[in-house]
Amino acid sequence: TIGARKVNGVAALHSRLVRETLFGDFDTHFPGRFVNVTNGVTPRRWLRAANPGLSGLVDEQLGRGWENDLERLAELRPLAEDAGFRARFHAVKRENKLRLAREVRSELGIALDPDAMFDVQIKRVHEYKRQLLNLLHVITRYHRIRQDPGADWQPRAVIFSGKAAPGYVMAKRIIQLINNAAAVINSDPEVGDRLKVVFLPNYSVSLAELIIPAADLSEQISTAGMEASGTGNMKLAMNGALTIGTLDGANIEIRDAVGEDNIFIFGLTAEEAAARRAHGYYPIELVRHNAELAEVLRQVRDGVFSPDEPRRFAPVVDALTADGEHFLCLADYQDYVDTQARVDALYRDPDAWSRRAVINAFSMGWFSSDRAVREYAERIWGAGPIG
(Lines give C-alpha, C1' and ligand atoms only; values in the text may rest on other atoms or scores of the structure.)
Protein backbone atom coordinates (compact mmCIF):
# COMPACT_ATOMS: atom_id res chain seq x y z
CA THR A 1 0.00 0.00 0.00
CA ILE A 2 2.84 2.38 0.81
CA GLY A 3 4.83 1.55 -2.31
CA ALA A 4 2.01 1.18 -4.81
CA ARG A 5 0.69 3.87 -7.12
CA LYS A 6 -2.80 2.33 -7.02
CA VAL A 7 -4.47 -0.22 -4.74
CA ASN A 8 -7.70 -1.83 -5.88
CA GLY A 9 -10.39 -3.97 -4.36
CA VAL A 10 -12.20 -6.57 -6.44
CA ALA A 11 -15.86 -5.59 -5.90
CA ALA A 12 -17.60 -2.38 -4.93
CA LEU A 13 -18.27 -3.38 -1.30
CA HIS A 14 -14.80 -4.87 -0.88
CA SER A 15 -13.14 -1.73 -2.19
CA ARG A 16 -15.22 0.45 0.12
CA LEU A 17 -14.36 -1.67 3.16
CA VAL A 18 -10.66 -1.59 2.23
CA ARG A 19 -10.79 2.18 1.89
CA GLU A 20 -12.96 2.96 4.92
CA THR A 21 -11.91 0.34 7.48
CA LEU A 22 -8.81 -1.69 6.66
CA PHE A 23 -6.80 1.26 5.28
CA GLY A 24 -8.82 4.27 6.39
CA ASP A 25 -5.77 6.28 7.48
CA PHE A 26 -3.93 5.48 4.25
CA ASP A 27 -6.90 6.64 2.18
CA THR A 28 -6.82 9.98 4.00
CA HIS A 29 -3.07 10.33 3.48
CA PHE A 30 -3.09 9.11 -0.16
CA PRO A 31 -6.34 10.41 -1.71
CA GLY A 32 -7.16 8.69 -4.98
CA ARG A 33 -4.78 5.78 -4.43
CA PHE A 34 -7.59 3.33 -3.70
CA VAL A 35 -9.81 2.32 -6.63
CA ASN A 36 -12.26 -0.45 -7.45
CA VAL A 37 -12.06 -2.94 -10.30
CA THR A 38 -14.76 -5.59 -9.95
CA ASN A 39 -13.66 -9.06 -11.02
CA GLY A 40 -14.84 -10.65 -14.25
CA VAL A 41 -14.92 -14.13 -15.78
CA THR A 42 -14.07 -15.27 -19.26
CA PRO A 43 -17.12 -16.04 -21.42
CA ARG A 44 -14.94 -18.12 -23.73
CA ARG A 45 -14.76 -20.84 -21.07
CA TRP A 46 -17.79 -20.21 -18.88
CA LEU A 47 -20.36 -19.77 -21.65
CA ARG A 48 -18.95 -20.67 -25.07
CA ALA A 49 -17.15 -23.88 -23.99
CA ALA A 50 -19.18 -24.88 -20.92
CA ASN A 51 -22.66 -24.28 -22.33
CA PRO A 52 -22.80 -24.97 -26.09
CA GLY A 53 -26.60 -25.15 -26.01
CA LEU A 54 -27.04 -21.63 -24.68
CA SER A 55 -24.16 -20.37 -26.82
CA GLY A 56 -25.98 -21.71 -29.87
CA LEU A 57 -29.08 -19.70 -28.98
CA VAL A 58 -26.94 -16.57 -28.67
CA ASP A 59 -25.20 -17.32 -32.00
CA GLU A 60 -28.59 -17.40 -33.72
CA GLN A 61 -29.31 -13.88 -32.49
CA LEU A 62 -25.90 -12.17 -32.56
CA GLY A 63 -23.75 -14.27 -34.90
CA ARG A 64 -20.26 -15.36 -33.89
CA GLY A 65 -17.81 -13.31 -31.87
CA TRP A 66 -20.10 -11.98 -29.12
CA GLU A 67 -17.92 -13.74 -26.52
CA ASN A 68 -15.27 -11.09 -27.24
CA ASP A 69 -17.79 -8.27 -26.77
CA LEU A 70 -20.01 -9.67 -24.05
CA GLU A 71 -21.92 -6.48 -23.37
CA ARG A 72 -23.79 -7.23 -26.61
CA LEU A 73 -25.80 -9.75 -24.57
CA ALA A 74 -27.89 -6.82 -23.36
CA GLU A 75 -29.41 -6.67 -26.85
CA LEU A 76 -31.08 -10.01 -26.09
CA ARG A 77 -32.83 -9.03 -22.85
CA PRO A 78 -36.13 -8.35 -24.69
CA LEU A 79 -36.21 -12.08 -25.54
CA ALA A 80 -37.26 -12.67 -21.93
CA GLU A 81 -40.73 -11.59 -23.11
CA ASP A 82 -40.74 -14.08 -26.03
CA ALA A 83 -42.56 -17.27 -24.96
CA GLY A 84 -40.98 -19.31 -27.76
CA PHE A 85 -37.48 -18.25 -26.80
CA ARG A 86 -38.16 -18.92 -23.10
CA ALA A 87 -39.22 -22.45 -24.01
CA ARG A 88 -36.01 -23.06 -25.96
CA PHE A 89 -33.95 -21.55 -23.13
CA HIS A 90 -35.68 -23.89 -20.67
CA ALA A 91 -35.01 -26.88 -22.94
CA VAL A 92 -31.28 -26.05 -23.00
CA LYS A 93 -31.25 -25.83 -19.20
CA ARG A 94 -33.00 -29.18 -18.88
CA GLU A 95 -30.50 -30.85 -21.22
CA ASN A 96 -27.65 -29.46 -19.10
CA LYS A 97 -29.36 -30.84 -15.99
CA LEU A 98 -29.63 -34.27 -17.62
CA ARG A 99 -25.91 -34.12 -18.43
CA LEU A 100 -25.07 -33.35 -14.79
CA ALA A 101 -27.52 -35.98 -13.52
CA ARG A 102 -25.67 -38.61 -15.58
CA GLU A 103 -22.39 -37.55 -13.96
CA VAL A 104 -23.90 -37.70 -10.46
CA ARG A 105 -25.35 -41.14 -11.16
CA SER A 106 -22.01 -42.37 -12.47
CA GLU A 107 -19.95 -40.84 -9.65
CA LEU A 108 -22.22 -41.34 -6.63
CA GLY A 109 -25.00 -43.70 -7.66
CA ILE A 110 -27.63 -41.05 -6.80
CA ALA A 111 -30.49 -40.46 -9.24
CA LEU A 112 -31.52 -36.82 -9.69
CA ASP A 113 -34.80 -35.77 -11.29
CA PRO A 114 -34.01 -33.19 -14.00
CA ASP A 115 -37.37 -31.52 -13.33
CA ALA A 116 -36.42 -30.83 -9.71
CA MET A 117 -34.82 -27.49 -8.89
CA PHE A 118 -31.01 -27.83 -9.00
CA ASP A 119 -29.83 -25.76 -6.03
CA VAL A 120 -26.05 -25.28 -6.28
CA GLN A 121 -23.32 -24.16 -3.88
CA ILE A 122 -19.84 -24.68 -5.31
CA LYS A 123 -16.92 -22.92 -3.67
CA ARG A 124 -14.10 -23.35 -1.18
CA VAL A 125 -15.48 -24.82 2.03
CA HIS A 126 -15.15 -22.18 4.74
CA GLU A 127 -17.25 -21.00 7.67
CA TYR A 128 -17.67 -17.52 6.17
CA LYS A 129 -19.06 -18.97 2.94
CA ARG A 130 -21.66 -20.65 5.16
CA GLN A 131 -22.21 -24.04 3.62
CA LEU A 132 -23.57 -24.70 7.12
CA LEU A 133 -26.41 -22.20 6.62
CA ASN A 134 -27.36 -23.98 3.41
CA LEU A 135 -27.29 -27.32 5.20
CA LEU A 136 -29.44 -25.99 8.06
CA HIS A 137 -32.07 -25.12 5.45
CA VAL A 138 -31.73 -28.60 3.93
CA ILE A 139 -32.30 -30.23 7.33
CA THR A 140 -35.20 -27.85 8.03
CA ARG A 141 -36.72 -28.87 4.71
CA TYR A 142 -36.16 -32.55 5.55
CA HIS A 143 -37.82 -32.09 8.93
CA ARG A 144 -40.83 -30.34 7.34
CA ILE A 145 -41.28 -33.05 4.70
CA ARG A 146 -41.26 -35.75 7.39
CA GLN A 147 -43.76 -33.75 9.45
CA ASP A 148 -46.15 -33.41 6.48
CA PRO A 149 -45.25 -35.96 3.80
CA GLY A 150 -48.57 -35.49 2.01
CA ALA A 151 -47.98 -31.81 1.22
CA ASP A 152 -47.22 -30.62 -2.30
CA TRP A 153 -43.46 -30.11 -1.89
CA GLN A 154 -41.39 -28.51 -4.63
CA PRO A 155 -38.75 -31.16 -5.48
CA ARG A 156 -35.20 -29.93 -5.01
CA ALA A 157 -31.71 -31.38 -5.52
CA VAL A 158 -29.15 -29.57 -3.38
CA ILE A 159 -25.69 -29.89 -4.91
CA PHE A 160 -22.49 -29.05 -3.03
CA SER A 161 -18.91 -29.19 -4.17
CA GLY A 162 -15.67 -27.63 -2.98
CA LYS A 163 -12.44 -28.30 -1.17
CA ALA A 164 -11.17 -27.42 2.29
CA ALA A 165 -7.70 -26.29 3.30
CA PRO A 166 -5.68 -29.28 4.57
CA GLY A 167 -5.54 -28.18 8.20
CA TYR A 168 -9.01 -26.64 8.45
CA VAL A 169 -10.69 -29.05 10.86
CA MET A 170 -14.09 -27.34 10.98
CA ALA A 171 -14.33 -27.20 7.18
CA LYS A 172 -13.60 -30.92 6.96
CA ARG A 173 -16.23 -31.56 9.63
CA ILE A 174 -18.74 -29.55 7.57
CA ILE A 175 -18.00 -31.71 4.50
CA GLN A 176 -18.51 -34.83 6.61
CA LEU A 177 -21.81 -33.49 7.95
CA ILE A 178 -23.07 -32.71 4.44
CA ASN A 179 -22.23 -36.24 3.31
CA ASN A 180 -23.75 -37.84 6.40
CA ALA A 181 -26.94 -35.79 6.04
CA ALA A 182 -27.09 -36.75 2.36
CA ALA A 183 -26.86 -40.45 3.24
CA VAL A 184 -29.79 -40.19 5.65
CA ILE A 185 -32.01 -37.94 3.52
CA ASN A 186 -31.41 -39.72 0.21
CA SER A 187 -32.31 -43.12 1.69
CA ASP A 188 -35.49 -41.99 3.47
CA PRO A 189 -38.50 -43.46 1.63
CA GLU A 190 -40.83 -40.82 3.09
CA VAL A 191 -38.82 -38.14 1.28
CA GLY A 192 -38.21 -39.88 -2.03
CA ASP A 193 -37.39 -37.56 -4.92
CA ARG A 194 -38.71 -34.47 -3.15
CA LEU A 195 -35.28 -33.78 -1.64
CA LYS A 196 -31.87 -35.06 -2.68
CA VAL A 197 -28.49 -33.92 -1.37
CA VAL A 198 -25.24 -34.39 -3.27
CA PHE A 199 -21.63 -33.57 -2.43
CA LEU A 200 -19.53 -34.05 -5.56
CA PRO A 201 -15.90 -34.82 -4.64
CA ASN A 202 -12.70 -33.58 -6.25
CA TYR A 203 -14.02 -30.17 -7.27
CA SER A 204 -12.24 -28.83 -10.34
CA VAL A 205 -12.72 -26.52 -13.32
CA SER A 206 -13.86 -29.49 -15.40
CA LEU A 207 -16.49 -30.40 -12.82
CA ALA A 208 -17.59 -26.76 -12.56
CA GLU A 209 -18.13 -26.74 -16.33
CA LEU A 210 -20.70 -29.51 -15.81
CA ILE A 211 -22.39 -28.07 -12.73
CA ILE A 212 -22.70 -24.39 -13.63
CA PRO A 213 -24.77 -24.72 -16.84
CA ALA A 214 -27.15 -27.07 -14.96
CA ALA A 215 -27.82 -24.82 -11.96
CA ASP A 216 -31.25 -23.30 -11.39
CA LEU A 217 -30.37 -21.58 -8.10
CA SER A 218 -26.98 -20.08 -7.21
CA GLU A 219 -26.15 -20.01 -3.48
CA GLN A 220 -24.05 -16.92 -2.67
CA ILE A 221 -24.68 -16.72 1.05
CA SER A 222 -21.43 -15.58 2.68
CA THR A 223 -21.59 -13.40 5.77
CA ALA A 224 -22.00 -9.84 4.50
CA GLY A 225 -18.72 -7.96 4.49
CA MET A 226 -16.52 -11.08 4.32
CA GLU A 227 -16.54 -12.08 0.62
CA ALA A 228 -14.05 -9.97 -1.33
CA SER A 229 -15.76 -10.65 -4.64
CA GLY A 230 -16.15 -14.23 -5.74
CA THR A 231 -16.71 -15.09 -9.38
CA GLY A 232 -18.84 -18.23 -9.14
CA ASN A 233 -21.88 -15.98 -8.79
CA MET A 234 -21.05 -14.40 -12.16
CA LYS A 235 -20.53 -17.75 -13.91
CA LEU A 236 -23.79 -19.16 -12.56
CA ALA A 237 -25.88 -16.10 -13.44
CA MET A 238 -24.28 -15.99 -16.91
CA ASN A 239 -25.66 -19.50 -17.43
CA GLY A 240 -29.17 -18.57 -16.34
CA ALA A 241 -29.20 -19.38 -12.62
CA LEU A 242 -31.04 -17.10 -10.24
CA THR A 243 -29.03 -15.97 -7.22
CA ILE A 244 -30.01 -16.27 -3.58
CA GLY A 245 -27.51 -14.25 -1.60
CA THR A 246 -26.50 -11.65 0.90
CA LEU A 247 -25.52 -8.12 -0.10
CA ASP A 248 -21.88 -9.11 -0.23
CA GLY A 249 -19.06 -9.22 -2.75
CA ALA A 250 -20.20 -8.91 -6.35
CA ASN A 251 -23.77 -9.89 -5.43
CA ILE A 252 -24.37 -6.16 -5.12
CA GLU A 253 -23.32 -5.48 -8.71
CA ILE A 254 -25.30 -8.51 -9.92
CA ARG A 255 -28.41 -7.16 -8.19
CA ASP A 256 -27.85 -3.81 -9.89
CA ALA A 257 -27.41 -5.50 -13.27
CA VAL A 258 -30.36 -7.90 -13.19
CA GLY A 259 -32.80 -5.84 -11.09
CA GLU A 260 -34.12 -6.46 -7.59
CA ASP A 261 -37.05 -8.56 -8.87
CA ASN A 262 -34.68 -11.08 -10.48
CA ILE A 263 -32.52 -11.96 -7.47
CA PHE A 264 -33.29 -13.22 -3.96
CA ILE A 265 -31.54 -11.05 -1.37
CA PHE A 266 -31.71 -11.87 2.35
CA GLY A 267 -29.90 -11.34 5.60
CA LEU A 268 -27.86 -8.73 7.39
CA THR A 269 -25.93 -6.10 5.44
CA ALA A 270 -22.22 -5.58 6.11
CA GLU A 271 -23.04 -2.62 8.36
CA GLU A 272 -25.72 -4.56 10.23
CA ALA A 273 -23.37 -7.51 10.68
CA ALA A 274 -20.67 -5.27 12.16
CA ALA A 275 -23.21 -3.65 14.49
CA ARG A 276 -24.52 -7.06 15.59
CA ARG A 277 -21.02 -8.11 16.61
CA ALA A 278 -20.27 -4.79 18.28
CA HIS A 279 -23.38 -4.85 20.45
CA GLY A 280 -22.98 -8.47 21.50
CA TYR A 281 -24.23 -11.48 19.57
CA TYR A 282 -25.71 -14.38 21.55
CA PRO A 283 -27.03 -16.97 19.09
CA ILE A 284 -28.37 -19.25 21.82
CA GLU A 285 -31.09 -16.61 22.40
CA LEU A 286 -32.21 -17.07 18.80
CA VAL A 287 -32.40 -20.82 19.34
CA ARG A 288 -34.51 -20.40 22.47
CA HIS A 289 -37.10 -18.41 20.54
CA ASN A 290 -37.17 -20.60 17.40
CA ALA A 291 -38.48 -24.11 18.00
CA GLU A 292 -37.82 -25.30 14.45
CA LEU A 293 -34.20 -24.15 14.55
CA ALA A 294 -33.76 -25.76 17.97
CA GLU A 295 -35.03 -29.06 16.60
CA VAL A 296 -32.71 -28.91 13.59
CA LEU A 297 -29.70 -28.29 15.85
CA ARG A 298 -30.84 -31.06 18.20
CA GLN A 299 -30.90 -33.52 15.32
CA VAL A 300 -27.33 -32.59 14.38
CA ARG A 301 -26.11 -32.66 17.98
CA ASP A 302 -27.81 -35.91 18.97
CA GLY A 303 -26.60 -38.01 16.06
CA VAL A 304 -29.57 -38.26 13.69
CA PHE A 305 -27.01 -37.89 10.90
CA SER A 306 -24.26 -39.86 12.65
CA PRO A 307 -25.95 -42.81 14.38
CA ASP A 308 -22.65 -44.72 14.55
CA GLU A 309 -21.11 -41.85 16.56
CA PRO A 310 -23.94 -39.75 18.03
CA ARG A 311 -21.77 -36.87 19.29
CA ARG A 312 -19.69 -36.54 16.14
CA PHE A 313 -21.21 -33.20 15.12
CA ALA A 314 -21.74 -31.69 18.57
CA PRO A 315 -18.71 -29.39 17.94
CA VAL A 316 -20.52 -27.94 14.90
CA VAL A 317 -23.54 -27.01 17.03
CA ASP A 318 -21.25 -25.67 19.75
CA ALA A 319 -19.56 -23.41 17.19
CA LEU A 320 -22.87 -22.15 15.80
CA THR A 321 -24.27 -21.30 19.23
CA ALA A 322 -21.11 -19.86 20.82
CA ASP A 323 -21.33 -16.28 22.08
CA GLY A 324 -20.10 -13.90 19.41
CA GLU A 325 -20.05 -16.55 16.63
CA HIS A 326 -18.25 -14.53 14.00
CA PHE A 327 -20.07 -15.68 10.88
CA LEU A 328 -23.58 -14.89 12.17
CA CYS A 329 -25.02 -18.07 10.73
CA LEU A 330 -28.04 -18.30 13.01
CA ALA A 331 -28.68 -14.56 12.79
CA ASP A 332 -29.53 -15.00 9.09
CA TYR A 333 -31.20 -18.42 9.43
CA GLN A 334 -34.88 -17.42 9.54
CA ASP A 335 -34.66 -14.84 6.77
CA TYR A 336 -32.79 -17.38 4.63
CA VAL A 337 -35.41 -20.09 5.20
CA ASP A 338 -38.24 -17.64 4.46
CA THR A 339 -36.49 -16.48 1.28
CA GLN A 340 -36.10 -20.09 0.17
CA ALA A 341 -39.88 -20.39 0.41
CA ARG A 342 -40.13 -17.48 -2.07
CA VAL A 343 -37.71 -19.35 -4.34
CA ASP A 344 -40.00 -22.40 -4.25
CA ALA A 345 -43.04 -20.30 -5.07
CA LEU A 346 -41.42 -18.80 -8.16
CA TYR A 347 -40.01 -22.13 -9.39
CA ARG A 348 -43.53 -23.58 -9.38
CA ASP A 349 -44.22 -21.25 -12.33
CA PRO A 350 -41.71 -22.51 -14.95
CA ASP A 351 -42.50 -19.73 -17.39
CA ALA A 352 -41.98 -16.97 -14.81
CA TRP A 353 -38.76 -18.62 -13.64
CA SER A 354 -37.45 -18.92 -17.20
CA ARG A 355 -38.22 -15.25 -17.83
CA ARG A 356 -36.05 -14.25 -14.88
CA ALA A 357 -33.36 -16.75 -15.87
CA VAL A 358 -33.14 -15.21 -19.36
CA ILE A 359 -32.83 -11.74 -17.83
CA ASN A 360 -30.02 -12.96 -15.57
CA ALA A 361 -28.08 -14.60 -18.39
CA PHE A 362 -28.33 -11.63 -20.73
CA SER A 363 -27.51 -9.04 -18.04
CA MET A 364 -24.04 -10.43 -17.41
CA GLY A 365 -22.15 -8.66 -20.19
CA TRP A 366 -20.44 -6.25 -17.78
CA PHE A 367 -18.96 -9.17 -15.82
CA SER A 368 -16.61 -10.27 -18.59
CA SER A 369 -12.94 -10.48 -17.65
CA ASP A 370 -12.31 -8.40 -20.78
CA ARG A 371 -14.00 -5.44 -19.11
CA ALA A 372 -12.00 -6.02 -15.90
CA VAL A 373 -8.69 -6.13 -17.79
CA ARG A 374 -9.68 -3.03 -19.74
CA GLU A 375 -10.36 -1.19 -16.46
CA TYR A 376 -6.98 -2.26 -15.08
CA ALA A 377 -5.30 -1.00 -18.24
CA GLU A 378 -7.04 2.35 -18.23
CA ARG A 379 -7.24 3.15 -14.51
CA ILE A 380 -4.20 1.41 -13.00
CA TRP A 381 -1.56 0.49 -15.57
CA GLY A 382 -2.05 3.47 -17.87
CA ALA A 383 -1.74 1.12 -20.87
CA GLY A 384 -3.54 1.52 -24.18
CA PRO A 385 -4.40 -1.05 -26.86
CA ILE A 386 -1.74 -2.05 -29.39
CA GLY A 387 -2.62 -1.76 -33.05
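Helices (H or I, at least four residues) and strands (E, at least two) are taken here as DSSP runs, numbered from the N terminus. The model is a predicted one, so local features are reported at pLDDT of at least 70 and side-chain atom pairs at pLDDT 80 or more, while totals for chains, interfaces and linings use all residues. Residues count from 1 along each chain as its sequence is written, and side-chain values rest on heavy atoms, with hydrogens and water left out.

Helix α10 spans residues 251–258, and just past its end Gly-259 adopts a positive phi of about 100°. Contact, here and below, means heavy atoms within 4.5 Å.

Helix α14 (residues 314–321) has its own buried set, made up of Ala-314, Val-316, Val-317, Leu-320 and Thr-321. Looking down the axis of α14, these residues fall within an arc of 160°, so they line one face of the helix; the arc is that of the directions from the helix axis to the C-beta atoms. The buried residues of α14 pack against α6 (131–147), α7 (169–186), α12 (283–288) and α13 (291–301).

On to helix pairs. Two packed helices are described by the angle between their axes and the distance between the axes. The axes are lines fitted to C-alpha atoms, for helices over the stretch in contact, and the angles run from 0 to 180 degrees between N-to-C directions. Helix α4 (residues 52–62) packs on helix α5 (residues 83–108) at about 150°, the axes lying 8 Å apart. That makes α4 roughly antiparallel to α5 (under 35 degrees is roughly parallel, over 145 roughly antiparallel, 65 to 115 roughly perpendicular and the rest oblique). The α4/α5 crossing is right-handed, that is, the near helix is turned clockwise from the far one by less than a right angle, anticlockwise being left-handed. On the α4 side the contact is made by Gly-53, Leu-54, Leu-57 and Glu-60, and on the α5 side by Phe-85, Arg-88, Phe-89 and Val-92. Sorted by class, the α4/α5 contact holds five nonpolar, one polar and two charged residues; Ala, Val, Leu, Ile, Met, Phe, Trp, Tyr, Cys and Pro count as nonpolar, Asp, Glu, Lys and Arg as charged, and the others, Gly among them, as polar.

The pair α15 (residues 333–347) and α16 (residues 350–361) has axes that come within 6 Å and cross at roughly 110°, which means that α15 is roughly perpendicular to α16. Here Val-343, Leu-346 and Tyr-347 of α15 meet Pro-350, Ala-352, Trp-353 and Arg-356 of α16. By class, the tally for α15 with α16 is six nonpolar, no polar and one charged residues.

Lys-97 sits in helix α5 and, at 3% relative accessibility, counts as buried. Apart from neighbours within four places in sequence, Lys-97 is in contact with Pro-114, Asp-115, Ala-116, Met-117, Phe-118, Ala-214, Asp-216 and Tyr-347. Gln-299, in helix α13, is also scored as buried, at 6% relative accessibility. Leaving out residues up to four places away in sequence, Gln-299 touches Ile-139, His-143, Val-304 and Phe-305.

Arg-276 belongs to helix α11 (residues 270–278) and, at 30% relative accessibility, is partly exposed. With residues up to four places away in sequence not counted, Arg-276 touches Leu-268, Tyr-281, Leu-286, Leu-328 and Ala-331. Leu-328 lies in the loop between α14 and α15 and is buried, with a relative accessible area of 0%. Its phi is near 55°, a positive value in a residue other than glycine. Asn-202, not a glycine either, has a positive phi of about 55°. Asn-202 is placed in the loop between β5 (195–200) and α8 (205–211), and Asn-202 is exposed, with a relative accessible area of 59%.

Methods: Buried < 20%, exposed > 50% of the residue type's maximum accessible area, 1.4 Å probe, protein only.
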